[in-house]
Amino acid sequence: LPRDLGSSRRRWGPGSPWPFPPSWAGVHLPPCPPLLAGGSSCQGNSVERKIYIPLNKTAPCVRLLNATHQIGCQSSISGDTGVIHVVEKEEDLNWVLADGPHPPYMILLDGNLFNRKVLMQLKGTSRVSGLAVSIAKPNPPQGFSPGLKCPNDGFGVYSKDYGPQYAHCNTTVWNPVGSGLSYEDFDFPIFLLEDANETQVIKQCYQDHNVPRDGSGPEYPLCAMQLFSHMHAVTSTVTCMRRNSIQNTFSINPETVCDPLLDYNVWSTLQPINSSGKVDREQEVIIVATRIDSHSFFWNIAPGAESAVSSFVTHLAAAEALHKASDVHSLQRNVMFTFFQGETFDYIGSSRMVYDMEKDKFPLRLDNIHSFVELNQVALRNGSVLWMHTDPVSWMNESVQTQVRNLLDILSNSSVGANVTLQEAGYSQPLPPSSFQRFLRARHIPGVVLTDHQAAFQNRYYQSMYDTPENIRMQYPEGLSPEETLEYVTDTAKSLAEVATVVARALYRLAGGANNTSAIQADPKTVTRMLYGFLIKMNNSWFQSIIKPDLKGILGDVPQHYVAVSSPVNTTYLVHYVLANLTGTVVNLTKEECLNPDKTPNAEKELYDYAWVQGSLDPNSTTRVPYCVRSTVRLSKALSPAFELRQWGSTEYSTWTESRWKEIRARIFLVASKELEIITLVVGIAILVFSLLATHFINAKADVLFSIPRDPGAVAY
C-alpha cells in the first residue's frame with residue numbers, strides 16, 4: 001500500500017532483504033535457506049546478520065485512539081524480547097503462565113486460539129512479553145470477529161432522543177460473534193505472521209532449543225524473539241491532538257504523534273451536475289450508497305470480502321447497468337452513486353458528507369434527497385433472499401411511510417424474473433449499522449438498506465483477517481493462469497450480478513423511468529473482474545488498463561481496504577477509476593487536451609472529470625494504447641468534522657486517530673543464560689581494567705620503553 005509516511009513510519013515487506021547467516025548459533029541453515037530465500041537476499045557478512053533472522057512478512061497490531069480511549073498494542077521503546085514458546089492448545093499456556101523457568105515468554109500462538117478468553121489471560125500477567133499469531137487454516141469454523149457486537153454504537157441514529165428502545169443494539173445484536181478484541185488495549189506487542197514459511201522457521205528454532213526435556217526446562221542457548229512496535233500517542237485523541245497542536249505552535253521541528261483517519265469519498269451522478277455550484281432546490285436526487293473500507297485486529301490487514309467488497313462491487317455493477325439504459329439523461333430524477341470511506345470507524349465518510357451538505361460545501365443539499373438506497377453485506381444470501389431494512393421510527397411519519405412503502409414496492413417489483421427474492425425485515429426492527437443512519441440523524445429521508453441477513457450478520461468473520469474470498473464462496477478451477485482467473489465467472493459473481501440487476505432496475509423506476517427494464521442487466525463478467533481485482537490481485541491487466549500511468553504504484557498484489565491516514569489509499573483510487581471506466585465515455589481528445597480540459601473547447605469541466613488512462617496492451621506489442629475518459633466521478637473529503645471543528649472530544653462525530661511510530665520490525669535469535677551473560681560482562685570488565693592498567697604503565701614508562709638509543713660515535717656540540 002503506497003503511503004507517504006515520512007521518517008516516522010516504515011512499512012516492511014517482501015521487498016526487504018532476508019539476511020540469513022550460513023549457520024545461526026546452533027540452528028544450522030544453508031547459506032541461503034531455500035524455504036525463504038529469494039534473489040540476492042543473503043548477501044553480507046555483518047555481525048548482525050550472523051546473530052539475527054528478521055521476520056519480514058508480518059503485520060502489527062498498532063494503537064488507535066478516540067475521544068476517550070486508546071486501543072491496540074505497543075512494545076517498549078527499545079522493543080520487547082522473550083523466550084519463544086509455541087502454544088497450539090490451551091494446555092500449553094500453563095508453561096507460559098506458571099511452569100516455565102525462563103519468563104518473560106514470547107508466544108507463537110496458533111490462529112485457532114487467538115480469541116478473547118486466551119488474550120485476556122495473557123493480558124493479566126507479566127510473564128508474557130509479546131505475541132506472534134499464525135493464521136488458522138482453514139478459517140476457524142466457529143467464526144472469528146474482533147469487532148464489537150454492536151458496531152459503531154453511539155454514532156448511528158438511535159439514541160435516548162431517537163428510538164431509545166433500539167439504541168445500543170437492545171433489540172438486535174448485529175454481530176453476535178464479536179469479541180471486541182480490536183477495541184482492547186494491550187501493553188505488549190502482537191504481530192501476525194503472514195508467511196507460513198516464517199512460522200515454520202520459528203517452530204524449528206523452538207523445536208531445536210526450547211522444547212522442555214523430561215519435564216524440566218530446556219538448556220541454554222534458547223530461541224528468543226524481539227518485537228518492535230513502540231507507539232508515540234497515548235491516552236486519547238484529545239491528548240495526542242493537543243500535543244500535536246503544542247508542537248506545531250512552539251517547536252521549530254514539530255513531531256506529530258498521531259494523525260486523524262481520513263481519505264476521500266467517491267461519488268458520481270447519472271446526469272452531470274455542476275460540481276462547483278449548487279443543484280436547484282427543485283431537483284430530486286436518489287442516493288445509492290455503500291462503504292468501501294474494512295478493518296481487522298492487525299494494521300493494514302483488511303480484506304473485507306463480505307463486509308465491504310461484495311457491496312461496493314455490486315454497487316459498481318448496478319451503476320454500469322443503469323448507465324446503459326437509453327433514456328437515462330431524460331429521467332425525471334437524478335441518481336447519485338456514493339462510496340463512503342472510513343465507515344468502519346463511526347461513519348467518517350457519511351458524517352462528513354452530511355456535514356458538507358448542511359454547510360453548503362457540497363453541490364447537493366439534504367433537501368435534494370428524494371430517497372436513499374444502501375447496499376450493505378449482500379454476498380451470503382440464504383437461498384435467493386435479500387432483506388429490506390427500514391427505520392421504524394421515521395415509519396411513524398405518515399408522509400415518510402408512504403414514500404418508504406413506494407420504495408419497497410418498486411424494489412420488490414424489480415426482482416420479478418430475477419433469482420433474487422426481496423423480503424421486508426419488519427417494522428419492529430431497527431436499521432443495521434449503515435451510512436443511512438447518519439443521514440437520518442439530519443433529516444427524515446425515505447430509505448432502505450439491503451442486506452443478506454434479516455437480523456444478526458450472516459458474516460461470521462466481520463472485521464477480521466478471515467473475511468476473505470473463501471468466506472463469500474469464491475472458487476476457481478485449478479490450473480488457471482492469472483489472466484484466465486481474471487476472466488473466469490464464478491458463482492459468486494453471478495449471484496452479485498443478479499442483485500446489481502435488481503438494484504439498477506429499481507433505481508431506474510425510482511428516477512421516473514417508464515420503459516421496459518428487461519434490457520437493464522448487470523454483467524457477471526464485469527463483476528468477476530472486480531472481485532478478482534479487489535480481493536485476490538490488484539495488479540492485473542484490467543486494472544492496469546483503466547488507471548493513469550502515474551498511478552501504477554498503487555497496484556499491489558494482495559488488496560487491503562483499511563482507511564489509513566494518508567490519502568487517497570489504493571482502494572479509493574481504484575473505485576474511482578473503475579467507476580469512471582464503467583460509467584464514463586471515451587472521448588476523442590489528445591493527451592494535452594485531456595490533461596488540460598480548461599483549454600479545450602466545449603469540455604464543460606464543471607460537469608465532467610477527464611482522465612488520461614493507460615489503456616490495454618497493443619496486440620503483439622509491449623506498448624499500450626492510452627485514451628481519454630470523460631465521466632462524472634468526483635472525490636470529496638472523508639475527514640471527520642470533529643477535526644475541522646477542533647472538537648477532539650466530540651460525541652457527535654468520529655474522533656479516531658492512529659498513533660505514529662518510528663519502526664516496526666520483528667526478529668529471532670539465540671539468547672544465552674544470565675550466568676553466561678554475567679560471566680561475559682565480568683570478563684569484559686576485567687579485560688577493560690587490565691587494558692587501562694597496561695596503558696597507564698606503558699604511558700608512564702614510555703621514555704624508557706620507546707627511547708631511541710644514542711649512537712656511541714655521535715658527539716654533541
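Leu450 sits in strand β19, which spans residues 447–451, and in this predicted model Leu450 is buried, with a relative accessible area of 1%. Its separation from Ser129 amounts to 321 residues in sequence and 45 Å in space, taken from C-alpha to C-alpha.

**Strand β10 and its partners**

- Strand β10 covers residues 190–193 and is enclosed on both faces, with Ile190 and Leu192 buried on one side and Phe191 and Leu193 buried on the other.
- Strand β4, made up of residues 58–60, runs antiparallel to β10 and is joined to it by three bridges, and within this pairing Ala59 has Leu192 as its bridge partner.
- Strand β9, made up of residues 128–134, pairs with β10 in the parallel sense over four bridges, and here the bridge partner of Val133 in β10 is Leu192.
- Leu192 is therefore a residue to look at from several sides, because it is buried at under 20% relative accessible area, while it is also the bridge partner of Ala59 and of Val133.

**Disulfides**

- Cys205 and Cys223 form a disulfide in which the sulfur atoms are 1.9 Å apart, and the pair links distant parts of the chain, with Cys205 in helix α4 (residues 196–209) and Cys223 in strand β11 (residues 222–228), 18 residues apart.
- The torsion about the S-S bond of Cys205 and Cys223 is about 120 degrees, and the disulfide is therefore right-handed.
- Cys205 counts as buried because its relative accessibility is 0%, and Cys223 counts as buried because its relative accessibility is likewise 0%.
- Cys240 and Cys258 form a disulfide with their sulfur atoms 2.0 Å apart, and this link is right-handed, with 80 degrees about the S-S bond.
- Because Cys240 lies in helix α5 (residues 237–250) and Cys258 in strand β12 (residues 258–260), the pair ties together parts that are 18 residues apart in sequence.
- Cys240 counts as buried at 1% relative accessibility, and Cys258 is buried with a relative accessible area of 1%.
- Cys594 and Cys628 form a disulfide with their sulfur atoms 2.1 Å apart, and this link is right-handed, with 80 degrees about the S-S bond.
- Because Cys594 lies in helix α15 (residues 591–595) and Cys628 in strand β22 (residues 627–631), the pair ties together parts that are 34 residues apart in sequence.
- Cys594 is buried with a relative accessible area of 2%, and Cys628 counts as buried at 1% relative accessibility.

**Cavities and a pocket**

- Rolling a probe the size of a water molecule over the atoms shows where empty space is left.
- A search of the whole structure finds six cavities of 30 Å³ or more, and the largest cavity has a volume of about 170 Å³.
- The largest cavity is lined by 21 residues, of which Cys150, Tyr158, Tyr166, Cys169 and Gln437 are the closest to its centre, and by class the lining has 12 nonpolar, eight polar and one charged residues.
- The second largest cavity holds about 110 Å³ of space and is lined by 15 residues, with Val62, Leu64, His295, Ser296 and Phe297 lying nearest its centre.
- The lining of the second largest cavity has 10 nonpolar, five polar and no charged residues.
- The second largest pocket contains about 500 Å³ of space, and of the 19 residues that line the second largest pocket, Asn66, Thr68, Asp153, Phe155 and Asp346 are the closest to its centre.
- The lining of the second largest pocket divides into seven nonpolar, 10 polar and two charged residues.

**Annotated span**

- An unreviewed UniProt entry carries the annotation "transmembrane region" for residues 678–698.
- In the model, residues 678–698 are 100% helix and 0% strand, and the end C-alpha atoms of the span lie 30 Å apart.

Methods:
Residues numbered from 1 in each chain as written. Predicted model: local features only at pLDDT ≥ 70, side-chain atom pairs only at ≥ 80, totals over all residues. Heavy atoms only, no water. 1 Å grid on protein atoms, 1.4 Å probe; cavity = no way out; pocket = protein on both sides within 12 Å on 5 of 7 lines; lining within 4 Å. Points joined across faces, edges and corners; volume = space filled by probe spheres on them. Nonpolar A, V, L, I, M, F, W, Y, C, P; charged D, E, K, R; others polar. Buried < 20%, exposed > 50% of the residue type's maximum accessible area, 1.4 Å probe, protein only. Helix = DSSP H or I, 4+ residues; strand = E, 2+ residues; numbered from the N terminus. Pairing = 2+ DSSP bridges. UniProt positions renumbered as here; feature names shortened; annotations may be inferred. Disulfide = S-S within 2.5 Å.
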